[in-house]
Amino acid sequence: MTNPAAKKISSINDELDIKLFLYIAKRNILFPVIFVILALTGAWLYLRYTPPIYQTSSILQLGSQSEATRILPTANIYDDDMAKQIELMRSSVFLQRALSKLPLEVSYFSKGRVLNFELYRNSPFTVDAIVKNPSIYGIPIYVDFVSRDQIVLTFTYRGELQKREIHINGRTSLPEMDILIDIHNFSIIREQQSLFSRNSYFFVLNNPETVASAYSRDIRINVLNAAAKTIQISHTGTNPQKASDIVNIIAEEFSIYDLEKKAESANNILDFIDQQLDLLFDKLSDSEIELEEFKKEHGIDEITLTPLPTLQGRIGDMENQLVMLQMEYNILNEIAQSLEQDNDVDIYRLIAILAGSEFSGMVSRMLQNLQDLLIEREQLLYQVTPESSQIQALNHQINIQRKLVVESITTLINNLDTHINEIHSKIDSYESILLNQGGRYSLIEYSMLQRVHSINERFYNQLVEKKAEYSISKAGYVSQSVILESSRVPGQPISPKPRGIYASSLLAALFLGIGVFLLKYLFYNEIPSLHDILKYTQAPVIGVIPKYKSEIPPNQLLVLKKPKSLISEALRAIRTNLQFINNDDGPKLVAVTSTISGEGKTFFAMNLAGILAFSNKKVIVIDFDMRKPKIHLGFNVENIKGVSTILSNIDTIDDCIQPSKVKNLDFITAGPVPPNPSELILTPRMDEMINYLKSKYDFVIVDNPPVGIVTDGMKSILMSDYPIYIFKANYSKRMFIQNVNRLINESHISKLSVVLNAVDKEYSSYGYDKGYSYGYYYGGYGSGYGYYDDQINIVKRSFWKRLLGLGKKQQ
């Protein structure tokens with residue numbers, strides 16, 4: 001079996017003790033109560049001073065359809081990539097366009113008792129301002145409606161308070177802006193000013209160039225179903241109506257914007273064709289006039305226009321090739337010039353021009369890569385400056401891609417030019433053969449003029465056909481972007497949610513309270529009950545004294561005033577248990593000590609003396625604590641003479657003995673505080689005093705100083721028949737038990753016994769100390785039968801006092 005004295009005493013609770021935890025929790029129940037009150041108060045303040053956040057959303061299905069593809073396969077010139085459409089919707093260009101349709105140029109607010117409220121679409125007045133100084137943007141401008149015709153504006157500009165007076169009858173020119181204020185409902189304004197202040201309204205001018213970036217942070221565009229091409233547009237804000245309008249305008253404006261962008265491709269192609277048609281129309285007219293004049297000049301009629309040889313047919317085929325090659329040449333040349341001259345060229349316009357070209361696939365892919373890099377740079381510019389390393393790297397890639405496209409197109413143009421020259425050389429060779437025929441020179445010359453006219457005519461007709469195709473494509477495009485669910489004005493905010501805030505605050509308070517319980521339990525180093533004493537020492541426990549229900553009076557002799565109290569019965573039990581320590585005949589010396597002051601040794605010594613005196617024993621109490629004497633306070637006498645004067649041979653023993661109000665009970669006070677109490681106690685005079693008193697009294701009870709502080713009391717403890725060590729429940733540290741083990745093992749005080757003072761009955765109700773020995777304050781035959789005086793008072797304590805442990809002071 002493990003020796004309790006050999007167990008290491010830890011400064012923290014390293015074992016799980018549910019009963020102790022419950023006791024500590026009950027003693028500190030006020031902490032979670034206070035935490036809950038503070039948490040609920042904080043939650044209420046947070047909800048009161050935090051503006052509510054609303055969220056709205058709409059669902060949009062993306063898609064487009066070109067009905068013209070059913071007629072012309074080449075008419076589908078549009079890009080329906082879903083990712084690109086979403087990026088377009090997120091772009092600042094589109095958001096700026098969409099938000100410009102809403103009244104966001106000016107934000108109107110009214111003051112409340114706690115928060116300011118935005119009057120979106122609900123302001124009793126409107127402001128039309130032409131800003132002269134951009135620094136005025138974003139500054140709250142307070143409006144004081146002096147009368148229907150006079151208004152005073154107040155705002156802080158560059159740290160100085162500015163006041164401007166304006167009139168309602170027209171636009172007022174101010175240094176910062178030209179402003180016109182229109183009042184819609186003056187009665188509401190007067191009512192608001194009467195409730196709060198004259199400056200209860202204010203407005204903020206928003207910079208139109210930064211409106212999109214200001215709202216884009218709270219706009220979310222997410223893919224709901226990629227297969228169905230459905231996306232969700234959501235926005236969060238403090239004004240529910242504004243949040244709903246922003247979401248709806250984005251969805252509605254995208255359908256219009258998307259249709260315009262898709263139609264722009266066809267318009268670019270049609271513009272190019274119209275330019276070419278204008279040029280060819282003039283050439284075609286000139287060639288027709290030249291043919292007619294040549295015919296008249298040389299007398300050529302229909303009879304002379306006999307069929308030319310087969311060689312002429314070959315020349316015609318080559319001329320047809322020249323027409324197609326020349327068209328390809330013009331298209332590539334137009335793209336090359338655009339890329340070289342314009343850094344911000346519209347890539348989609350160039351791709352549209354390439355539609356139907358022999359090289360459209362290869363060149364379009366290169367142009368698309370260039371466009372992707374340009375879009376990436378535009379998006380990155382909203383996050384970093386143009387001088388950043390990321391932008392510089394993208395610029396380098398864009399220049400390389402642009403150079404690659406230009407060089408590739410230049411190579412294609414050179415190849416086309418070579419091919420065109422080869423065909424021209426063949427035509428010239430064939431025509432030289434025809435010219436060598438001589439007799440038909442005029443006819444051949446006419447044939448050459450006719451071929452030029454035919455080339456221009458065919459080229460013109462092809463352009464007319466292309467124009468018809470792209471006109472059909474433009475007319476046949478129908479936007480399939482459908483708003484599946486429009487946003488509705490939300491009735492409840494998404495944040496803060498009162499129920500969640502209160503619940504989380506309450507849980508946090510409870511967890512914090514439990515944390516306090518755990519910390520106090522973990523670092524609870526006091527002795528709450530006999531359990532800890534018996535666990536760490538083999539010293540016999542001769543009794544437990546209950547905690548007194550109220551403050552100990554100056555006269556500490558409670559056994560005299562309440563002989564039937566629980567404390568009196570506990571002391572009687574201790575008196576009985578002393579016989580088991582030493583039952584020899586003759587006078588007995590009782591030495592009482594403790595570890596530190598305040599553990600109740602003086603209270604115990606006086607009341608034990610009173611109980612012994614009640615049993616017809618002659619008892620005397622001696623105050624050996626000459627450093628901090630208390631016995632004279634307990635008996636309500638002066639401390640003029642006593643132990644210090646006896647040991648100093650100033651007074652005799654009999655002169656210092658004083659009688660008490662209890663029969664058979666005398667006492668000797670400590671006397672004046674000496675400069676050398678330890679040396680006085682070690683003198684032979686002390687032995688003489690103890691022996692003399694033992695000859696006159698049955699019990700000599702010595703109230704020693706605490707041995708944990710000084711060693712003055714060691715001599716009397718070694719001499720005593722009943723050395724008693726006092727611990728105070730929930731006051732004495734657990735480490736104090738080592739002093740008891742040290743006195744037993746090192747000082748060989750084998751008779752040393754322990755008394756636990758001021759034990760809380762509520763803690764004992766959890767199971768400790770209950771019925772530890774006969775006569776303990778809540779065990780035995782008397783409990784529950786009205787034997788003790790204290791029981792009536794305990795029953796009368798209110799529930800809340802018992803719950804919170806209020807109204808009780810430490811003994």
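This is a predicted model: local features need pLDDT of at least 70, side-chain atom pairs count only at pLDDT 80 or more; totals for chains, interfaces and linings use all residues.
Let's begin with the helices. Take helix 2, which covers residues 30–49, and helix 13, which covers residues 498–522: their axes come within 8 Å and cross at roughly 155°. Angles over 145 degrees count as roughly antiparallel, so that is the label for helix 2 and helix 13. As for handedness, the crossing of these two helices is right-handed. On the helix 2 side, the residues making the contact include F31, F35, L40, W44 and L47; helix 13 brings in, among others, I501, Y502, L506, L510, V516 and F517.

Now for the rings. The model has 13 aromatic pairs. One of them is F125 with F145, an edge-to-face pair with 5.2 Å between the centres and 65° between the planes. F125 sits in strand 5 (residues 125–131) and F145 in strand 6 (residues 141–145), 20 residues apart, so to speak a link between distant parts of the chain. Both F125 and F145 are buried.

F125 has another partner, Y201: here the ring centres are 5.8 Å apart and the planes stand at 85°, so this pair is edge-to-face too. Because Y201 belongs to strand 11 (residues 201–205) while F125 is in strand 5, the pair ties together parts 76 residues apart in sequence. Buried means under 20% relative accessible area, so F125 at 0% qualifies, and so does Y201 at 3%.

Key
Residues are numbered from 1 along each chain as its sequence is written. Side-chain values use heavy atoms; hydrogens and water are left out. Axes are lines fitted to C-alpha atoms, for helices over the stretch in contact, and angles run from 0 to 180 degrees between N-to-C directions. Helices (H or I, at least four residues) and strands (E, at least two) are DSSP runs, numbered from the N terminus. Angles under 35 degrees count as roughly parallel, over 145 as roughly antiparallel, 65 to 115 as roughly perpendicular and the rest as oblique. A crossing is left-handed if the near helix is turned anticlockwise from the far one by less than a right angle, and right-handed if clockwise. Contact means heavy atoms within 4.5 Å. Rings of Phe, Tyr and Trp (its six-membered ring) pair if their centres lie within 6.5 Å; planes under 30 degrees apart count as stacked, over 60 as edge-to-face and the rest as tilted. Buried means under 20% relative accessible area, exposed over 50%, partly exposed in between (1.4 Å probe, protein chains only).
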